[in-house]
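Try each task with the model open before reading its solution.

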Amino acid sequence: MIQLLAKVGINGFFFALLGMIALAYFFPSFGTEQSPLHLPDIAEYGVSVIFFFYGLKLNPEKLKSGLSNWKLHLVIQLTTFVLFPLIILGIGEAFNIDTSSLTWLGIFYLATLPSTVSSSVVMVAIAGGNLPAAIFNASISSIIGIFITPLWMSRLLEKQDADFDISSIILRLCLEVLLPVILGFLMHKKWGKWTERYNSTLRMFDQVIILLIVYTSFCESFANNMFSHQSFTEILALGFWMLLFFAVMFGIMVLVSRWLGFNRPDTITVLFCGSKKSLVQGAVMGKVLFPNPVTLGVALLPLMIYHALQLLAGSMIAQQMGKKGVV
C-alpha cells in the first residue's frame, strides 16, 4: 500500500505541501511580495519553464494514436469542464449558498480545473484501463483548461471585481503557459529523449516551483489573517464535503459509462481521468486569475483538500479494480 500511495502522489512531495502551509503559518514574512527574497517572482518565472518541459514531453505519435476514440474523449472532457462546474452551481442554487465567499470561490475554481496528468495515468494503469486514451485525455485536458477555466471563472470574478478582464487573463495564460507548451512540443523531436533521461530531475524542479507557489500564497493569506474566521472543525467539514463530491462524481461517471456501453478499460479511463483535478494547473492558473495573493491562498484550500482525497481514495479504488478485474 505504501508503494502504491507513493506511485499516485502520497509521497514526500505530498507531505512537503503540508509542510509549506505550516512554514507559511510560522514564517509568513519570507514569502510575501515585500520580502527581499522575491520568492513570488521566482515562482512566476518558474511556471513558464515547467510548461516548456511539459511540451517537450508530449509525444506527437502517442497523441495521434489516441484520436480515434472520440466518444470516450468527449465524455471525459465534458465531465471535467462542464459537468463538474454545473453540479457545483446547482448545489449553490439549491441550498442558497453564499457564492460571494472565498471558500465557495475556491470550490467553484476546483470544479473548473483540468484533470491531472501523472496520477490519472498511473491509476488507469494500476486498474487495468485504456492507457493510451488516458495519456491523450490527461495531456489535452491541460491545454483545454487554459481557455475553459478562465471562461467559467469570469462568471464569478466579474461580479466581485469590476476591473476583471477575461481577454487579458486568457492572453496572459497563453503567453505564460500555452506558448511555452507549444515551443516545447515543437522541439520534442530534438530534445524529447533528453526529457526522458532527466525526467526525475525535471519532476523535482516542477515540485519545487509548486511548493513555492503554495508557500507564497499561504504566506500572504496568513499575514493578512485570512484564515482567522475558519475553525479546524470547518476545515474538517470542508474535507468531508470534498470527499462526498468526489464519490458522487465517481458514481455519476460509472452510470454514464454503462449507459454509453463502454467496455471495462474505457470505463476505468473515464473514472480516473474524469474525476481528477490538477493541483499543478490550479496553482499556476491561480496566480493569474487571482492577482491578489491573499485571495489565492484561501481559494487554493478546497483544491488542496480535494487533491489529497482524490489521491487517497483513487489509489485504493484503483488497487481493488486491478485485483478483482471488475468495475
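**Exercise 1.** Determine how helical residues 235–256 are, and how far apart their ends lie.

*Solution.* Residues 235–256 are 100% helix and 0% strand, and their end C-alpha atoms lie 32 Å apart; helices here are DSSP runs of H or I with at least four residues, strands are runs of E with at least two, and both are numbered from the N terminus. The model is a predicted one, in which local features need pLDDT of at least 70 and side-chain atom pairs count only at pLDDT 80 or more, whereas totals for chains, interfaces and linings use all residues. Residues are numbered from 1 along each chain as its sequence is written, and side-chain values use heavy atoms, with hydrogens and water left out.

As a next step, turn to the record: the unreviewed UniProt entry annotates residues 235–256 as a transmembrane region, and residues 42–60 are also among those it lists, although such annotations may be inferred rather than shown by experiment. Over residues 42–60 the chain is 89% helix and 0% strand, with the end C-alpha atoms 31 Å apart.

**Exercise 2.** Describe how helix α3 (residues 39–57) packs with helix α10 (residues 188–197).

*Solution.* Begin with the geometry: α3 and α10 pack at an angle of about 100 degrees, with their axes 8 Å apart, where axes are lines fitted to C-alpha atoms over the stretch in contact and angles run from 0 to 180 degrees between N-to-C directions. The two helices are therefore roughly perpendicular to each other, a term that covers 65 to 115 degrees.

Then identify the residues: F53, L56 and K57 of α3 meet H188, W191, G192, W194 and T195 of α10, contact meaning heavy atoms within 4.5 Å. The residues of this contact divide into four nonpolar, three polar and one charged; Ala, Val, Leu, Ile, Met, Phe, Trp, Tyr, Cys and Pro count as nonpolar, Asp, Glu, Lys and Arg as charged, and the others, Gly among them, as polar.

**Exercise 3.** Which residues line the largest cavity, and which element gives the largest share?

*Solution.* The lining consists of E44, V47, R172, E176, V284, K287 and V288. Elements giving two or more residues are α3, α9 (166–186) and α14 (279–289), and α14 supplies the largest share, three residues. By class, the lining divides into three nonpolar, no polar and four charged residues.

Technical notes. Parallel < 35°, antiparallel > 145°, perpendicular 65-115°, else oblique. 1 Å grid on protein atoms, 1.4 Å probe; cavity = no way out; pocket = protein on both sides within 12 Å on 5 of 7 lines; lining within 4 Å.
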